[in-house]
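Hello,

Here is the structure I promised to hand over. Please have a look, then read my notes below.

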Amino acid sequence: PAALLLLWFLSMLQSRYLVFQFLLWSWAFSLAACSPVGPDYQAPETTLPQQWENGADRLRFTQSSDLQQWWHLFTDPRLDTLISQALQANPDLAIAETRIREARALSRISGADLLPSIDGASGYTHSRKSEHIPSGGTRQDLFQLNFDAAWEVDIFGGNRRQQEAAEATLAATVEDYRDVLVSLTAEVARKYIELRAAQQRLILAQKNIHLQEQTLNLTRERLTTGIGNQLEVAQAQTQLSLLHAQVPPLESTRTQACHQLAVLLGMQPQQLGKDLLEIAPLPQTPARLPALLPSALLQQRPDLRSAERQLAAANAAVGVATADLFPHFSLSALIGLQSTDLNQLITSGSRYWSLGPAIQWPLFDGGRTRAALDAKEAQLDRARLTYQKTVLTALADVEDALVAIQHEQAAKERFIEAVNSSRQAADLAKHQYTAGLNTFLNVLLATATLAQSEDKLVQSDQRLILATVALYKAMGGGWQLKATASPSSISPLLPTPTAYP
């Protein structure tokens with residue numbers, strides 16, 4: 001910097017010699033190629049476990065490639081269609097796409113700061129001098145046409161660090177878009193499963209209501225013939241009312257799931273209900289789970305990739321703030337035509353020009369520049385801690401989903417056993433009651449137990465499927481889209497993922 005300052009001073013003294021101008025420009029270009037100030041980015045070193053703690057030796061795994069479009073593993077064409085529609089019309093996805101376009105434009109702006117700027121201008125003025133000064137009272141026309149060029153010599157790399165930060169921010173924005181894809185596919189599947197589970201529970205509720213109505217009629221007949229009593233009738237009526245009370249919440253869950261699916265698909269709530277209200281079974285839980293090692297999670301989950309790119313952007317921002325501590329050098333040039341007569345404007349005598357360097361260095365600003373650097377360093381520390389927390393959260397998400405699947409599979413087996421045994425107990429109790437060998441209270445309890453067991457089995461099946469969906473989401477599945485699965489206006493914005501440095 002001292003040598004450049006000296007060269008600039010000599011050039012100002014003897015600007016008529018082109019050799020000084022040539023040396024000045026050559027020296028500026030060589031200095032601009034120096035390494036930028038500030039810390040060079042180093043990717044964080046993260047130690048991950050070799051395998052998952054829960055379910056690694058008890059669950060069946062398949063290829064991790066199934067993560068790409070994991071919803072096909074549920075073999076439910078309606079679910080496939082819903083997710084395909086959501087990928088085309090979801091509002092959150094469209095909003096994320098606009099952020100990519102914004103970040104890309106900002107990256108181009110940062111790149112433009114590395115290049116010279118050239119402005120063109122022309123003007124005409126008509127002026128009159130005061131009569132109380134020499135040559136007063138005269139009028140004058142002035143025509144001018146000029147080009148103004150300026151270039152900041154990025155000696156200390158502030159502009160290059162700014163471009164580095166902009167590119168990292170753009171990459172993080174692309175990963176945020178992919179994270180929306182992961183959340184979107186999982187949310188569509190979750191709401192669809194809630195809808196189907198509510199339908200199945202409604203079917204069971206209606207069946208149990210029908211059986212309980214038959215039981216109520218039986219108790220009334222026994223009361224009429226003098227065999228039964230009023231207590232039995234009241235108990236049967238109470239059980240029937242409790243079963244009826246289960247229906248409205250299930251209908252509400254079913255309808256609300258339709259509405260939420262419509263929003264995910266970018267539709268009005270009433271546009272989707274009729275199709276989905278047709279009864280259909282729950283999707284089948286995939287027989288195997290994706291075999292993704294913890295070490296692959298860093299490249300698989302978009303939120304981790306986004307956090308790493310945000311860390312890189314924060315690191316580059318420290319370099320930008322560091323460069324502000326040093327002087328800023330710039331070169332400017334002005335060339336144009338100027339004349340009081342329009343007919344003589346385009347002549348060699350109308351030429352004028354200027355060329356020279358400039359230096360700007362805030363010698364005292366009350367500590368503002370240093371405080372700005374401290375703020376950027378604090379932001380860098382926060383980005384590093386955020387990345388570490390995101391890694392821990394990702395590991396916990398996968399472990400939670402694995403343990404949920406493992407325990408729910410065991411619970412479902414027990415619920416299946418409970419349904420089979422309670423069905424046998426209910427049939428036996430009814431036969432004995434009809435033959436007069438059992439009390440109605442036992443029949444009532446057996447029937448209620450069967451209804452509860454069947455309902456709990458459906459709920460267990462729902463939890464198992466939701467836990468599987470949660471696992472696919474935790475492993476970052478669903479953003480690796482085929483070309484036909486994403487809108488043509490968006491797919492060019494999504495380059496193939498690379499291993500960031």
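Residues 24 or more positions apart make up 83% of the protein's contacts with a separation of 6 or more. Contact here means heavy atoms within 4.5 Å.

Please note that this is a predicted model: local features need pLDDT of at least 70, side-chain atom pairs count only at pLDDT 80 or more, and totals for chains, interfaces and linings use all residues. Residues are numbered from 1 along each chain as its sequence is written, and side-chain values use heavy atoms, leaving out hydrogens and water.

The protein has 501 residues, and 40% of them count as buried (under 20% relative accessible area; exposed is over 50%, partly exposed in between; 1.4 Å probe, protein chains only).

Now to one residue, Gln-300. Gln-300 is buried, with a relative accessible area of 13%. Beyond its neighbours within four places in sequence, Gln-300 is in contact with Leu-67, Leu-292, Met-475, Gly-476, Gly-477, Trp-479 and Gln-480. Ala-474 is 174 residues away from Gln-300 in sequence, yet the C-alpha to C-alpha distance is 9.7 Å. A polar atom of the Gln-300 side chain lies 3.1 Å from the backbone oxygen of Gly-476.

Then Phe-147. This residue sits in strand β3, residues 139-153 (strands are DSSP runs of E, at least two residues, numbered from the N terminus). Phe-147 is partly exposed, with a relative accessible area of 48%.

Best wishes

Conventions:
Polar contact = N/O pair within 3.5 Å; in protein donor to acceptor, adjacent residues only side chain to side chain. Helix = DSSP H or I, 4+ residues; strand = E, 2+ residues; numbered from the N terminus.
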